[in-house]
Amino acid sequence: MHKLGRGHRDKVQQFMTITGASEKLALQALKASDWHLEGAFDFFYGQQSHIKSYTNTTHLEELYKRYKDPYTDMILADGITLLCNDLQLVVSWHMKASTMCEYSKEEFFTGLQALGIDSLEKFRERIPFMRSELKDEQKFREIYNFAFGWAKEKGQKSLALDTAIGMWQLLFAEKQWPLVDHWCQFLQARHNKAISRDTWSQLLEFARTVDPALLNYDAEGAWPYLIDEFVEYLNENGIIQNGQFK
């Protein structure tokens, strides 16, 4: 990239930051669009839509065997930990996995083909892109909603409290909701029960729409009782004082 002018170098860096693409792909897309960023994005994402056909199923088979359980034709907890500990949720979302710590062969192939991955090298190249998906508003919402069904135990309608707290800490670490730690402490102190899907879904709306200092909180709004109790907890414990978040 040192042979490029400063303006072109800046565009390459900007393109890589936004898309998570490698320098090689960034240069390819920008050159194809005569160095227009919008055209480069169209080129890049257009290529991504066709990328599934370029994955090598033989390589996918090798990857699958690397992570599958030795006694069953599934990728279980140990294999998933080995595959990608910090990106398990996003990867599972792409795989449309039905259960935490389990990938069927179909889920594994479908997800990695959609990502254009058939080797560890390609997996590493896609990590910045997968991380960036948690920063995209629409994809974050999709991943957040997916997480409830994925993380709850089979046959259960609600999500175990400890699991829910772990998922909230993981999700909001990327999205940065200032009240997440207080919310988790409140649940452990006052609730100590499983979390319903309604509470799970409504909390995201609360985190997105209500100011951390509660300046626009509507006590007459249709929030679940647990969120209303959380607001009382914040005020009672001096976490919110005179319209300011401490």
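**Close-up views of a predicted model**

**View 1. Arginine 126 and the ring of F129.** The charged end of R126 sits over the ring of F129, at 4.2 Å from the ring centre; a charge counts as sitting over a ring if NZ of Lys or CZ of Arg is within 6 Å of the ring centre and within 35 degrees of the ring normal. This is a predicted model, in which local features need pLDDT of at least 70 and side-chain atom pairs count only at pLDDT 80 or more, whereas totals for chains, interfaces and linings use all residues. Residues are numbered from 1 along each chain as its sequence is written, and side-chain values use heavy atoms, with hydrogens and water left out.

View 2. Helix 9 (residues 137-151) has 15 residues and reaches 21 Å from its first C-alpha to its last, close to the expected 21 Å, the expected span being 1.5 Å times one less than the number of residues. Helices (H or I, at least four residues) and strands (E, at least two) are DSSP runs, numbered from the N terminus. D136 caps the N-terminal end of this helix, with a side-chain oxygen 3.2 Å from the backbone nitrogen of Q138. The buried residues of helix 9 include F140, I143, F146 and W150, where buried means under 20% relative accessible area (1.4 Å probe, protein chains only).

View 3. S92 lies in helix 6 (residues 88-95) and is buried, with a relative accessible area of 0%. Leaving aside its neighbours within four places in sequence, S92 is in contact (heavy atoms within 4.5 Å) with A97, Y103, F146 and W150; F146 and W150 are themselves buried residues of helix 9.

View 4. The structure holds 22 aromatic pairs, each being two rings of Phe, Tyr or Trp (its six-membered ring) with centres within 6.5 Å, and planes under 30 degrees apart count as stacked, over 60 as edge-to-face and the rest as tilted. One of them joins W183 and F186 in a tilted arrangement, 5.8 Å centre to centre with 35° between the planes. Because W183 and F186 are three residues apart in helix 11 (residues 180-191), about one helical turn separates them. F230 and Y233 form a stacked pair, 6.5 Å centre to centre with 20° between the planes, and both lie in helix 13 (residues 225-236), three residues apart. F230 is buried, with a relative accessible area of 0%, and Y233 is buried at 10%.

Definitions and conventions: Buried < 20%, exposed > 50% of the residue type's maximum accessible area, 1.4 Å probe, protein only. Polar contact = N/O pair within 3.5 Å; in protein donor to acceptor, adjacent residues only side chain to side chain.
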